[in-house]
Structures are given as structure tokens and as C-alpha cells.
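Biologist: I am new to this structure. Please take one part and look at it closely, then link it to its surroundings.

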Amino acid sequence: MKIKITYPYVEKRKLKRQKFFSTIRWLFFVATVICPIVNIVTGGSAWSIVVLMSLYTVWTLILSPDLVEYNRISQFIKTIICTSILLTLIDVFLAPGWAIEVVPIVCFCGLVVSGLMFFTDIERQKQNMLPMLLLIIFAIVGAAIGLCVWHEESRWALAVMGGSALLLLSACVVTLGNDFVRELRRRFHT
């Protein structure tokens, strides 16, 4: 009697891809362990924190993207948030003094592009509204805290970021109307 195999054979390409990701995973793990040790041994500024955030950004955006919330708005906003955090860490640990102007500009650009992506395909993208709302809230809170704490003359970037976030939020509320509240209930139901 001859047994017929009903399962498909695993392609060589999939096996090579699996080995590649296994190797990359181990390299990332080794780099995550070695970088702080080298930084502690050599002393100096905490550059390993910037390296660890960079590794996390590459891992989460390129090598292991989301399986559930994998859409263009959420991936773009995740990129903007990771970039903003990375720029802030570079400012705090390596080269201070410029992130208070650069991070709001990056967030402003992220708000504009995510708003364009949202309003160009509103019927499909209103289900993906939550990441954009989180970026809007992040921008409003960041602008409010920055304007209250930062008393230098270069506060224009914070004001533009906060104003654009409020404008985008009001545009979402006006455009969606009752659907705005309905989508929020869907996201936060119990």
C-alpha cells in the first residue's frame, strides 16, 4: 500500500527566509546584550540607549511588523512615534539642544501626512482612526506641556504642532459626525 502525502512540501525559499530571520533574531539579541555592556565598560555618554531604540525601531517596523494593525496609517504613525522618541533620546544623551524644535516639526509632518492618508480614503480608513487619534492626543499633550514648560523664544514649532493637531481633530469630528463617536465606541467597548 502506498501512502499519499497530503501536506504540501515546504519550499526552499520559505526555509531560507526562516533561517535568515532566525539568524537576524540572534544578532539583534546579541547586540541588545553587548551594547550596554560595552557602554558601561567604556564609559561616557549613554549611547547604548540610542542603539537599543534604533534596534527596536528596525525590528518593529521592518523585520517584525504588526499582524493585526498592519495598515498604512498605523505603520506610518508608528514610524513617526519611533522617530520622535529616537530623536529625543539622541538629544538627551548625545547632542543636546535641538530636539525641542525638530520633534514638533516631525510630528507636524506626521499629522499632515496621516490626515491626507485618512481623508483620501475615508470610508476604508475610518476603521483605522485610533492610531491617528493617539498621534493627535500625543501632539496636543506634547504641545501643551512644551508651551507651559519651555520659555525660550523658539516655541513656534510647538504651537504649530498643537494647532495642526487641534485642526485635524476638529476636521475628523466635523467630517465623520456621528460616525466619529460610533468608531470610538467600537474601539473602547467592554
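**A close look at the salt bridge**

Modeller: Asp-121 pairs with Arg-124 in a salt bridge, and their closest N and O atoms are 3.4 Å apart. The term means a side-chain nitrogen of Lys or Arg within 4 Å of a carboxyl oxygen of Asp or Glu. By this rule the count is 1 salt bridge.

This is a predicted model, where local features need pLDDT of at least 70, side-chain atom pairs count only at pLDDT 80 or more, and totals for chains, interfaces and linings use all residues. Residues are numbered from 1 along each chain as its sequence is written, and side-chain values use heavy atoms, without hydrogens and water.

Now the two partners. Asp-121 is partly exposed, at 23% relative accessibility. Arg-124 is exposed, at 59%. Here buried means under 20% relative accessible area, exposed means over 50%, and partly exposed lies in between (1.4 Å probe, protein chains only).

Next, a helix. Val-141 sits in helix α6, residues 129–149. Helices are DSSP runs (H or I, at least four residues), numbered from the N terminus. Val-141 is partly exposed, with a relative accessible area of 43%. From Val-141 to Ile-100 is 41 residues in sequence and 14 Å in space, C-alpha to C-alpha.

Last, another helix. Val-30 belongs to helix α1, residues 12–42. Val-30 is partly exposed too, at 37% relative accessible area.

How values were computed. Helices (H or I, at least four residues) and strands (E, at least two) are DSSP runs, numbered from the N terminus.
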